[in-house]
Amino acid sequence: MTEQQTVPLDIRSIGTPHPRVDGVEKVTGRAAYAVEHEVGDVGDPLHAWLVTSRVPKGRIAGIDAGPALAHPGVVSVLDHTNAPHLDDTSNGELAILQDDRVHFHGQVVALVLAETSEAAREGAALVEVRYDEEPFEAELREDNATYRPDQVNPAIETDTDEGDVDAALADAAVVVEQTYRTAYEHNNPLEPHATTAWWRDEDGEPALSLFDSTQGVHGVVSTLAPMLGVEEDQIRVRAPYVGGGFGSKGEAHAHVLAAALAAQVTDGRPVRLAVTRQQMFTLTGYRTATISHFRLGADADGRLTAIEHRVQEQTSAVREFAEQTASPTRMLYAAPNRRTSHRLARLDVAVPSWMRAPGEMPGVFAHEVAMDELAVACGLDPIELRVRNEPETDPETGKPFNDRRLVDCLRRGAERFGWADRPEAPRSTEDGEWWVGTGVAAATYPAMVQPGNQARVRFLGEGRYAVAIGSVDIGTGARTVLTQIAADALGTGPDAIDLEIADSLLPPATVAGGSSGTSSWGGAIVAAAQRFRADHGTEPSPGAETTASAAENPNAEKYAFHSFGAVFAEARVHRWTGEIRVPRLLGVYSVGRIVNPATARSQLVGGLVMGLSAALFEEGVRDPRFGHPVTQDLATYHVAAHADALDVQAEWLDESDERFTPMGSRGIGEIGIVGTAAAVANATYHATGVRVRSIPVTADRFL
Ligand code: MOS
């Protein structure tokens, strides 16, 4: 018997490839993004441009705004001497323009307001800032990443230690001891971060409105309110359309504060602020580089006896963010002796933040290349090695896994990919001037439902329902899948649902992040719909309304909920140039029920392409003298293009996880990027016999 957590849904629309409900708005250009909104009778907008620090650490000795103010169209220049005061400056990333301190190269030090975007930009170039520079440290090294944070993102233990790793390694028949590295990576959603902000007096109380390109409108409200010294109900944030986020819009960054502060000095005129692509490389978060020291010990049959994963990475001095790189190592494979740790270099650099599958992405890269090395050392097929190390229960919590189907994913992928024909020895297949190989890696991502979501259902008459929740569709298809979920929960068709989202005046919703959106918001919608039907019956009166949140899931304490996948890659490495091509990439996933196969395929394939991109291209190169990225555009920071993404396929197991959510879904946003880079790196090893232990894997490694 399945222990369902609510009344079973009558599944009708869920599971069908319903076209995107906002597709027409988007492809016809009618969808308005954050700086495209006409905000009505509050005056023509002023345009803001950020001035950023050219030194990594020190004090601002003086700012001369004169030349900027003399420029036609420039209205004002804000800096720490004249900017409105913030009530709460505890968030060092966001508390901009409050003092003369400079914490990193690229920090906001001033802001220009002008009648046009061009004038604002020209004015920003004319602001003269003088600095008193101070000594700084901006380079991540093994010998400076020694600081132990209290916890890692979001509230995960820093270190774990079970059994006796050193003794087990001393006794192990086979040991793999290697260091793996991942590069600085930068989220680059198509729509740069942008905000339109305006203040107005409402009954004498100031009220702030924003259109913001964010993954969570309520999170922006709760972040801004204490800083600006207003109540949460004095701020309204809307994000009807968002052009991607990948974690970088999961929290408000400094530009949102900049727009809100600037709009305090415009007599009510709105302020439009668009972060430039170049500024996004410092101001809106990035993934730290990581160094993973792995030690795996195994018996002669390849059964792991010890797993040790020591992580070194960076945070910023001005605000702490610790990527949870070792967290997947704690649950992926069985071993009686296990140790993990995270150490940070606290550097005078921009603040790292969430980027698709923080932790899992770099951590599983390291673990799954190490597993490939262990398979070679044991003379085992890499799939067989993983099968032998399947844990019976979650090694981290001791709880049973809810539905761990990694082996099913590996076997199905092997069948579809033609793994049985793979030669065991590396460097055994040539095709003309290309070495050809295949690689595999596991993928995993935790399944999460966030507390604090509510939905409202109102009957509109004539069979129609308004369903409201303040969640955001950042391009994933959330608006569509929530419509499908609401339809099934109300026993009607998706065309009968008017879904309202993306406004902080709607019932509260958590961030579109952590692959938790559909589960968290969908659960609230199902709860509200079922309560509505219980309260109002099948023939409700127009105007009948119910607001509800999902009950706590009694299964949450009983099981370890994770999703799994297996990624297969074929790599071809050119014998003379080292050029790498990936003609085939396949991911097979166990992620619960798929709510919409069309949007889900796009999420999973997108994740695979982003993993391929990390495997071969993405590398934020920093100037060690200042710690800022010198690769700060898409010409120098390479991402996979169409010509790189060849045959990329995603498949999922036919399943439904009703112990986790009433929809049976578990979340799909992030798992596609996990393991993919390892599968590609492992395939290049199999092609060439050359082991590369860092990403990106580049041509020079094979020459
Ligand atoms: Mo995702 S990095 O949790 O938005």
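Q: In which loop does A502 lie?
A: Quick note first: this is a predicted model, where local features need pLDDT of at least 70, side-chain atom pairs count only at pLDDT 80 or more, and totals for chains, interfaces and linings use all residues. Residues are numbered from 1 along each chain as its sequence is written. Helices (H or I, at least four residues) and strands (E, at least two) are DSSP runs numbered from the N terminus. With that, A502 sits in the loop between strand 22 (497-500) and helix 12 (517-536).

Q: Is A502 buried or exposed?
A: Phi of A502 is positive, near 70°, and this residue is not a glycine. A residue is buried if 20 or more other C-beta atoms lie within 10 Å of its own, exposed if 12 or fewer, and partly exposed in between, with C-beta atoms placed from the backbone. A502 has 26 other C-beta atoms within 10 Å, so A502 is buried.

Q: What is the phi of L97, about?
A: L97 is in the loop between strand 3 (74-79) and strand 4 (101-102). Most residues other than glycine have a negative phi. L97 is not a glycine, yet its phi is positive, at about 60°.
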